[in-house]
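Welcome! Take a look at the sequence and the model below, and then we can walk through some of the details together.

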Amino acid sequence: MAEHMDPEQFRRAGYAVVDWIADYWTTLGQRPVTSQDPPGAVAAALPAGPTPHGEPVEAVLADLDRVIAPGLTHWQHPGFFGYFPANTSGPSVLGDLVSAGLGVQGMLWATGPACTELETVLLDWLAELLDLPQRFRSTGRGGGVIQDSASSATLVATLVALHRASGGRWRESGVDRRYRAYTSTQGHSSIEKAARIAGLGADGVRPVEVDPQTQAMRPEALRAAIEADRAAGVVPAIVVATIGTTSTTAIDPLPEIGAICAEYGIWLHVDAAYAGSAAVCPELRWTHEGLEHADSYCFDPHKWLLTGFDCDAFWVADSGELIEALTVLPEYLRNAASDSGAVIDYRDWQVPLGRRFRALKLWFVLRWYGVEGLRAHIRSGVSLADRFAARVEADDRFELTAAHPFSLVCFRLRAGDEVNAELLRRVNASGRVHLTHTRIEGRYALRLAVGSPLSTEKHVDEAWDLLAAAADDLLTR
């Protein structure tokens with residue numbers, strides 16, 4: 001039997017692992033952004049079963065180089081412009097390392113007081129940094145918590161909204177009548193999944209029309225949908241508005257939506273998973289106009305704020321309502337601190353019982369970069385996106401297909417969908433960059449999302465040069 005790794009062995013192995021990661025980051029720019037291997041290649045390169053006897057860390061690192069790294073899509077690559085960024089950073093990795101080393105399970109205040117209190121303070125820091133409404137601060141009735149993802153935040157908001165809409169009956173009786181969730185046709189897929197998990201079914205979500213120019217929810221269409229449901233005996237439970245939709249980063253009109261929700265007593269959750277990070281910059285806080293109407297709000301530091309996955313920041317205006325909906329207290333979790341009512345037990349703020357010490361990586365990031373460092377990162381992404389958009393606008397063969405207030409640019413060749421799909425395929429096949437696509441009003445469009453701290457003007461210009469060269473070939477065939 002292999003021996004346990006003692007602290008000195010861990011120290012030596014840890015240095016080797018950190019060196020491996022540093023070398024990986026250093027060489028990212030020379031690697032293809034996506035794997036060049038066919039499906040099944042990684043599985044075929046692995047042994048048929050686990051090793052009978054322990055192996056040294058060097059053997060594992062060798063297989064990282066030989067098997068794992070070539071089979072990856074490199075999300076930290078400076079030419080990765082797909083989806084939305086999911087960027088990490090050195091401070092975040094170090095914070096995660098400390099969290100893993102401590103091995104704290106923070107389900108209760110009593111199981112790790114610092115784990116809970118640091119998280120509470122950090123969510124207040126973040127609320128201050130983004131200039132969120134005062135109602136989300138822990139100094140009042142509100143407060144924040146780290147979820148694993150915006151999907152989980154939406155699920156939790158949906159559950160609390162059902163608790164409210166049922167007058168508290170949901171907690172004991174479940175879904176005892178027809179309830180409805182509302183989001184725009186551009187809302188994230190997690191909204192439908194949350195409704196299904198909550199027992200509402202896919203039919204429990206009513207998609208609301210968007211303005212064809214802005215792709216933002218039409219308040220009058222939301223009101224009409226609510227009125228129609230009420231007339232049919234359906235109870236409106238939650239509206240999910242989006243700041244920065246996945247497809248185009250459209251911004252739903254929160255002042256009008258919030259007024260409608262207040263009029264009908266409907267829970268308003270605001271999903272700013274990607275774009276919320278932009279509000280660290282005062283000049284981009286206009287995107288949060290109307291947020292004071294929200295019952296809950298979330299954004300993902302693990303997208304555009306240099307904090308490794310998983311880290312979603314979720315706030316509620318009334319934590320008591322959330323706890324009442326979700327708390328379950330078996331005898332074996334009872335303790336004096338919880339019974340006193342003087343502490344937060346974050347197990348009551350989420351679906352799982354257990355929770356990692358995720359606040360540490362956020363703490364490391366906020367302390368390493370500081371406010372100005374984070375603002376510089378966001379501004380860099382916006383500037384690079386503006387640079388790319390200017391290249392698109394200067395070429396008559398291309399057109400922008402949506403506004404680009406953040407660091408996502410949606411564009412297309414002035415040609416058919418098939419040509420644009422082939423353009424994307426060719427550019428991605430280069431291995432130098434990776435873009436994704438969407439459909440806007442039914443038409444195929446390409447998406448270039450800037451976010452990696454390694455991306456510079458050189459990488460954005462290379463993406464454009466590849467696109468322009470591919471367009472030359474496609475349009476002269």
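This is a predicted model: local features need pLDDT of at least 70, side-chain atom pairs count only at pLDDT 80 or more; totals for chains, interfaces and linings use all residues.

What follows is a short tour of the inside, the surface, the charged pairs and the backbone.

Residues are numbered from 1 along each chain as its sequence is written, and side-chain values use heavy atoms, with hydrogens and water left out.

Let us begin with the nonpolar cores. A core here is a set of buried Ala, Val, Leu, Ile, Met, Phe, Trp, Tyr and Cys residues joined through side-chain atoms within 4.5 Å. Buried means under 20% relative accessible area, exposed means over 50%, and partly exposed is in between (1.4 Å probe, protein chains only). The largest nonpolar core has 65 residues, and the members touching the most others are L126, L222, V239, Y297, F299, W315 and I378. Another core, of 33 residues, lies apart from it and includes V160, L200, A273 and F314.

Helices (H or I, at least four residues) and strands (E, at least two) are DSSP runs, numbered from the N terminus. L94 counts as partly exposed because its relative accessible area is 44%. G95 also belongs to helix 4, but with a relative accessible area of 0% this glycine is buried. Leaving aside residues up to four places away in sequence, G95 touches L360, K361 and F364, where contact means heavy atoms within 4.5 Å. Between the C-alpha atoms of G95 and L329 there are 31 Å, and the two residues are 234 apart along the chain.

## A polar residue under cover

Is Q147 buried or exposed? Q147 is buried, as its relative accessible area is 3%. This residue is part of strand 1 (residues 143-147). Its side chain comes to 2.8 Å from the backbone oxygen of W349, a polar contact (a pair of N or O atoms within 3.5 Å; within protein, one must be able to donate a hydrogen and the other to accept it, and residues adjacent in sequence count only if both atoms are side-chain atoms). Not counting residues up to four places away in sequence, the residues that Q147 touches include S152, C311, F314, W349 and R358.

## Charged pairs

The structure holds 39 salt bridges. Each is a side-chain nitrogen of Lys or Arg within 4 Å of a carboxyl oxygen of Asp or Glu. Here are three of them:

| Pair | N to O distance |
|---|---|
| E192 and R196 | 3.5 Å |
| D417 and R412 | 3.4 Å |
| R425 and E422 | 2.9 Å |

E192 and R196 are four residues apart in helix 8 (residues 189-197), about one turn of the helix. E192 is partly exposed, at 36% relative accessibility. In the second pair, D417 is partly exposed at 23%, whereas R412 is buried at 3%. R425 and E422 lie three residues apart in helix 15 (residues 417-429), again about one turn of the helix. R425 is partly exposed, with 48% relative accessibility. Shared partners link the salt bridges of E399, R412, R414, D417, R439 and R443 into one network.

## Backbone details

Most residues other than glycine have a negative phi, and most peptide bonds are trans. Which peptide bond is cis, with omega near 10°? The bond in question runs from F309 to D310. D310 is in the loop between helix 11 (301-304) and strand 7 (312-316).

L306 is found in that loop between helix 11 and strand 7 as well. L306 is not a glycine, yet has a positive phi of about 65°. L306 is buried, its relative accessible area being 1%.

D131 has a positive phi too, near 55°. D131 belongs to the loop between helix 5 (113-130) and strand 1, and is partly exposed with a relative accessible area of 49%.
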